[in-house]
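Colleague: I would like to go through this structure feature by feature. Please give the general idea where there is one, then the case at hand.

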Amino acid sequence: MEIKELQERVDAWIKEYGVRYFSELTNMAVLTEEVGELARVVARKYGDQSFKAGEACNLADEMADVLWVLVCLANQTGVDLTAALEANFAKKTARDKMRHWNNPKL
């Protein structure tokens, strides 16, 4: 699926099933909540914590939740994520072209 299609599909879903987007502020809070849920799973799967009884290792689902809310925020604020990512690649390439190769820690 292309990013543009993802943005269109989320928008169509919201209009059909979600009634409307939550406010931008609410979606920012929801995004923070979803990132926290992702962090919890990562901490248990790759970190020093263990899963509690009944907890599932739903890493993919938590990542999808983060992406979903991020796409909602992009849609409602008029951000074309394809264009934004292309610009971000260009920025990172110009800034970091040799930075990591010259990092003795890597």
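Colleague: Which side chain does D11 meet in a salt bridge?

Modeller: This is a predicted model. In it, the side chain of D11 meets that of K15, with 2.7 Å from N to O.

Colleague: Why can residues at that spacing in a helix pair up? I would like the general idea, then the case.

Modeller: An α-helix has 3.6 residues a turn, so residues three or four places apart point the same way. Here D11 and K15 are 4 residues apart in helix α1 (residues 3-18), which means that about one helical turn separates them. K15 is exposed, at a relative accessible area of 60%.

Colleague: How many salt bridges does the structure hold?

Modeller: There are 6 salt bridges. One of them joins R44 and E55, whose closest N and O atoms are 2.8 Å apart. R44 belongs to helix α2 (residues 24-45) and E55 to the loop between α2 and α3 (59-77), so this pair ties together parts that are 11 residues apart in sequence.

Colleague: Is R44 buried or exposed?

Modeller: R44 is buried, with a relative accessible area of 12%. E55 counts as partly exposed, at 25% relative accessibility. Salt bridges with shared partners also join R40, R44 and E55 into one network.

Colleague: Which residue forms a salt bridge with D96?

Modeller: That residue is R99, and the closest N and O atoms of the pair are 3.2 Å apart. D96 is buried, its relative accessible area being 12%.

Colleague: What span should helix α4 have, and what do its ends give?

Modeller: Helix α4 (residues 81-96) has 16 residues, and at 1.5 Å a residue it should span 22 Å. Its end C-alpha atoms are 21 Å apart, which agrees. At the start of α4, a side-chain oxygen of D80 comes to within 3.0 Å of the backbone nitrogen of T82.

Colleague: How should I read the nonpolar residues?

Modeller: In soluble globular proteins, nonpolar side chains tend to be buried together. The largest nonpolar core here has 8 residues: V30, L31, L38, V41, L59, V66, V69 and L73. Two or more residues of this core come from each of α2 and α3. Apart from this core lies another, of 7 residues, including I14, Y21, V71 and A74.

Colleague: Which residues does V69 touch, leaving out those up to four places away in sequence?

Modeller: V69 touches N27, V30, L31 and E34. Of these, V30 and L31 are listed with V69 in the largest nonpolar core.

Notes:
Residues numbered from 1 in each chain as written. Predicted model: local features only at pLDDT ≥ 70, side-chain atom pairs only at ≥ 80, totals over all residues. Heavy atoms only, no water. Salt bridge = Lys/Arg side-chain N within 4 Å of Asp/Glu carboxyl O. Buried < 20%, exposed > 50% of the residue type's maximum accessible area, 1.4 Å probe, protein only. Expected span 1.5 Å × (residues − 1). Polar contact = N/O pair within 3.5 Å; in protein donor to acceptor, adjacent residues only side chain to side chain. Core = buried A, V, L, I, M, F, W, Y, C linked by side-chain atoms within 4.5 Å. Contact = heavy atoms within 4.5 Å.
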